[in-house]
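Biologist: I would like to learn how to read this model. Can we take the features one at a time?

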Amino acid sequence: MSDKFTVEIISPDQTVLKQETKEVIIPSFEGQMGILNNHIPLITFLRPGIITIKAEGEKKYYVEEGTVEFSNNNLLILTSTARDLANFDKSSINELLQKAEANLNTESTDKDRYIASYKIETLKEISQ
Amino acid sequence: MPSLDDLKKRIKSVKSTQKITKAMKMVAAAKLRKAQESAEKGRPYSQKMQNIILNLTKSINDPQNAPKLLVGTGEDKKYLCVVLTADRGLCGGFNSNICKLAKTNFKKILGEGKELNIITVGSKGHDQIKREYGKYVIKKFSFKDKKNISFNEADEVGKEIISLFNQNKFDKCIIFFNNFKNVITQIPQSQQIIPAETKNLKEGNDQNFSYEFEPEEDEILEDLLPKNISTQVFKALLENAASEQGSRMTAMDNATRNAGDLVDKLTIDYNRSRQASITKELIEIISGAESL
């Protein structure tokens with residue numbers, strides 16, 4: 001049996017990616033999570049961060065939120081904000097970063113602040 | 001018998017109408033391609049989302065404490081109907097088909113003595129429904145000024161639905177829209193979004209997964225359910241946009257063809273009466289010459 005499984009990233013307006021892979025690392029709400037094949041069925045959601053897909057090469061996507069389901073060796077990532085890091089230009093990163101920093105102080109709940117802080121952290125990491 | 005001049009004028013007017021319908025058909029065809037593409041690309045997202053929700057529904061052991069958005073209020077008294085139509089006319093039976101389906105349902109709901117509330121999206125549907133059911137309409141949306149439907153519009157409608165639900169305004173929510181099958185076939189459909197419909201579950205999907213949840217199941221559901229409502233509305237809007245263009249294209253194609261037929265007929269009439277008047281003049285000349 002192969003050690004691969006399918007990963008799909010789907011946004012409301014298109015299928016961003018569908019391919020075979022060996023390992024995917026997702027920024028789940030409670031921390032980074034690595035997924036290999038035959039993982040137990042799982043549902044979780046994402047915080048802002050980077051999805052890393054390891055196949056022949058490595059692919060990285062920036063996400064702000066999303067829902068993840070794993071079942072039958074099929075990893076499904078539903079998100080409206082997936083951006084391929086390979087063509088994510090500096091100016092739009094900075095734009096998002098500024099917005100996020102401005103929002104950080106106005107967020108009312110702890111959960112929103114938690115999400116915003118991760119967003120800033122991730123964006124800073126990418127822009128370096 | 002209309003005079004030659006009248007016929008000429010009519011032919012001209014029919015021809016210019018034909019030009020308009022032809023242009024509208026071309027525009028619809030161009031827009032259709034785009035709308036169809038986004039409708040088809042948007043399908044997986046909403047389907048998968050629905051699937052996750054359905055799987056979650058099955059894994060719930062304690063319906064009493066499950067979120068109300070998922071299992072409903074347990075009552076069946078108040079209905080909210082969301083009717084999605086276009087903002088523009090001249091698209092064949094598109095708007096009327098949705099309204100017809102919606103009205104049949106309204107009648108049924110009212111006939112059973114239940115409470116009915118209506119939200120309309122799109123001004124054409126509002127116009128058709130307010131005549132009979134105007135007093136039930138609680139809110140109307142119109143995205144006339146938006147060129148392309150985006151998720152934000154759907155979210156607006158979704159949030160409204162959820163806030164009404166939280167105010168206990170309804171027990172069940174049904175949306176009406178046209179499902180885009182292909183250019184000539186659009187099927188008016190109703191879909192129950194609150195509580196989530198579980199009956200059209202696919203057979204092969206019937207294994208009972210025991211999912212691992214992270215964080216807790218309740219928290220996920222709380223996040224996912226409102227999102228799902230908006231997603232379903234978004235799907236309906238996309239399907240509708242594609243259907244509208246398809247329907248308009250067919251309608252305008254028919255109109256162009258009809259105008260062509262009409263022009264042919266009028267041209268024959270025109271030529272015939274022109275010939276008749278020439279013959280008449282000839283007869284007059286000949287009989288005039290004979291009498292000399």
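Biologist: In β6(B), which residue is the bridge partner of A:T44?

Modeller: Keep in mind that this is a predicted model. The partner of A:T44 is B:E214. That bridge joins two chains: strand β5 of chain A, residues 42-46, runs parallel to β6(B), with three bridges between them.

Biologist: How many residues of chain B are in contact with chain A?

Modeller: Interface size is often quoted as the accessible area lost when the parts come together. Here we count contacts instead: 21 residues of chain B touch 21 residues of chain A. On the chain B side, α1 (4-59), β6 (212-214) and α6 (217-291) each supply at least two residues. α1(B) gives the most, with eight. By type, this side has twelve nonpolar, four polar and five charged residues.

Biologist: Which strand pairs with β4 of chain B, and in what sense?

Modeller: β4(B), residues 172-180, pairs with β5(B), residues 186-194. The sense is antiparallel, over eight bridges. The two strands form a hairpin, with five residues between them. One of the bridges links B:C173 to B:I194.

Biologist: Which residues have the most contacts inside the largest nonpolar core?

Modeller: In soluble globular proteins, nonpolar side chains tend to be buried together. The largest core here has 48 residues, and B:C81, B:V82, B:V83, B:L84 and B:F176 have the most contacts inside it. α6(B) gives the most to this core, eleven residues. Another core, of 30 residues, lies apart from it and includes A:I26, A:I43, A:L76 and B:Y45.

Biologist: What is B:L84 in contact with, leaving aside neighbours within four places in sequence?

Modeller: The contacts of B:L84 are B:V121, B:G122, B:I175, B:F176, B:F177, B:A236, B:L237 and B:N240.

Methods: Residues are numbered from 1 along each chain as its sequence is written. Chains are lettered from A and ligands numbered from 1 in the order in which they are written. This is a predicted model: local features need pLDDT of at least 70, side-chain atom pairs count only at pLDDT 80 or more; totals for chains, interfaces and linings use all residues. Two strands pair if DSSP finds at least two bridges between them. Helices (H or I, at least four residues) and strands (E, at least two) are DSSP runs, numbered from the N terminus. Two residues are in contact if their C-beta atoms, placed from the backbone, lie within 7 Å. Ala, Val, Leu, Ile, Met, Phe, Trp, Tyr, Cys and Pro count as nonpolar, Asp, Glu, Lys and Arg as charged, and the others, Gly among them, as polar. A nonpolar core is a set of buried Ala, Val, Leu, Ile, Met, Phe, Trp, Tyr and Cys residues joined through C-beta atoms within 7 Å. A residue is buried if 20 or more other C-beta atoms lie within 10 Å of its own, exposed if 12 or fewer, and partly exposed in between; C-beta atoms are placed from the backbone.
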